Amino acid sequence: MSSSDIEKSLKEIVIDVLDIEDIDGFNLYEDSKIDDFPEWDSLAHINIITQIESIYGFRFSLDEVESFNSIKDIIKSICSKI
Amino acid sequence: MKFSITDQLKFSEISQDFNPIHCDEILSRRYIFGEPIVHGTNAMIFAIKEWSKLSDSPFFIDKLKCIFRKPIFLNKKITTKIENINNSIKITLIQEHEIKVKILMEVSATKHHYFDMNNNDLYTNKSPIELSLDDLKNYSGKVDCSLNISLAEKYYSKEFVHKIGCDKLAEILGYSRIIGMHAPGLNSIFSQLTFHKNTHHSNLISYEVNSIDKRFNIINIKSDGPNFSACLKAFYRPPKVKQKTIEEIKNYILVNEFKDHRALIIGASRGLGEITAKCLGCGGASLQLTYAKGMQDIIDVSNAILGINNQNVSFLKLDITKSNEIDFNDIKQFKPTHVFYYATPFIFSGSKNKFSREKYNKFRLYYLDAFEILVKNLSELNKNIKILYPSSIAIDEEPADMLEYTLAKKEGEELCLKLEKKYPNLKILCPRLPRLYTDQTVSLTSVKNEDPIQILDIIRSMSNRD
């Protein structure tokens, strides 16, 4: 699975968890920061992480979860586990 | 649609979910959201009721997924958005421009049979069980699936109870009771509910903790009842913070270290106010403590200080935000030499990158308006008084979800400078404190909070300050 595939699936998860209505207008890039998304608060973060885990079938460590600041961080961590 | 504390109490009677985070205004102020929140299950049922008005027919919920995204607060308007997506119905509950609850369900037409389930005396215990995360491992139990139908009809309407079916409603209410009263019980926040049609010949809902995710304190529960099989997800809510006991604090304090202090502590019932009171009490200070709501808490603090043979402690009820109603004579007669100002609303109420004028004004009321009136009254004593006005390192860090708080605190610091110039007999210290472990700073996710005993260094620095 390429990093762009992961980016695509991550975008779907984020749209679902954050209830993004304007899907076409929603931009999520590798360089996007978590802070760029107003709805991405700490509870949403947990929901996004647990959803990634249930889709890919692995678990992040708490240190990893707390270190994620950008989409790139998450993609990098997923790539290292699949 | 809006929920009041009366709604909370009515729902508690119907569901038998008496968790204090929903129906105790005093206790809930010490929990993670700082005030009572609506039972998620009740919000969900009302959302389904809104949808059910679109048709006169009874329905059966074949499948449902409900995510309780954020807490719903009392007395604030909630709007409902209903959409049909393929064969599903999506209902969204929105409060203050934020999605709070999201429901996806599939229903079919049905005819309900009325069951004899009108037992009013099934439950006697109104106190939720308090379990640790370790206790919850493989925890299981059963709850009764009965319902006081007349109460339910009075609250939700006879028409709605008929449409949803009283036995199905009873089972859904049972989920609230499992989470709020049994597992996790007292320390719980309902996070997600999914269920689907699955008939069992029983009038009980059996449940079992399926897994615990200790990283996020999430508990997953599976349950089977007469009509549905369900998965329930809840957070283990951090319990109310217990500060150090007076016996522990004694070890930090020298005998009679503060015996010349006459300290007025605004907001002494818990948190930093409680620690300050105990430190000064151990050091022999005369204390006048104030509380706004937590009378039992202030009695406990006061008794702890009396217990170490410091008889010079008194307390009074004072809601600093109602300055016009306060008789400052009690304070003036006490003639404080030191004043500690810990009055605050719930701090972590903001939303990321969204500024709320209402929340900002609430912070201003505590940190500026009420403080200024207090200081003006203290200045009339015409004596030297040292005042602690705790500020916060949040001003330097500017967290995206604390815009209103940081702005008001920053203005508070500027106000302190102005007041010092205006009243030369008053010295106001406003240190920027780190995040200290109190009711205000606990979180569902892991955060680093420092030991609040470090306030002692500041108390000592005030003693040494000219």
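What follows is a short exchange on a sheet, a helix and a pocket.

Tutor: The model is predicted: local features need pLDDT of at least 70, side-chain atom pairs count only at pLDDT 80 or more, and totals for chains, interfaces and linings use all residues. Residues are numbered from 1 along each chain, chains are lettered from A and ligands numbered from 1 in written order, and side-chain values use heavy atoms, without hydrogens and water.

Student: What makes E14(B) and E16(B) a pair?

Tutor: Strands are DSSP runs of E, at least two residues, and helices are runs of H or I, at least four. Two strands pair if DSSP finds at least two bridges between them. E14(B) and E16(B) have 4 bridges, in the parallel sense, so they pair. In E16(B), B:Leu426 is the bridge partner of B:Ile385.

Student: Why are E12 and E16 of chain B called edge strands?

Tutor: The open sheet runs E12-E11-E10-E13-E14-E16 in chain B. E12 and E16 each pair on one side only.

Student: How do you know which residues line the second largest pocket?

Tutor: On a 1 Å grid over the protein atoms alone, a pocket is an open set of points where a 1.4 Å probe fits, with protein on both sides within 12 Å along at least five of seven lines; lining residues have an atom within 4 Å of a point. By that test 32 residues qualify, with A:Thr50 and B:Lys233 among those nearest the centre. H2(A) gives the most, 7 residues.
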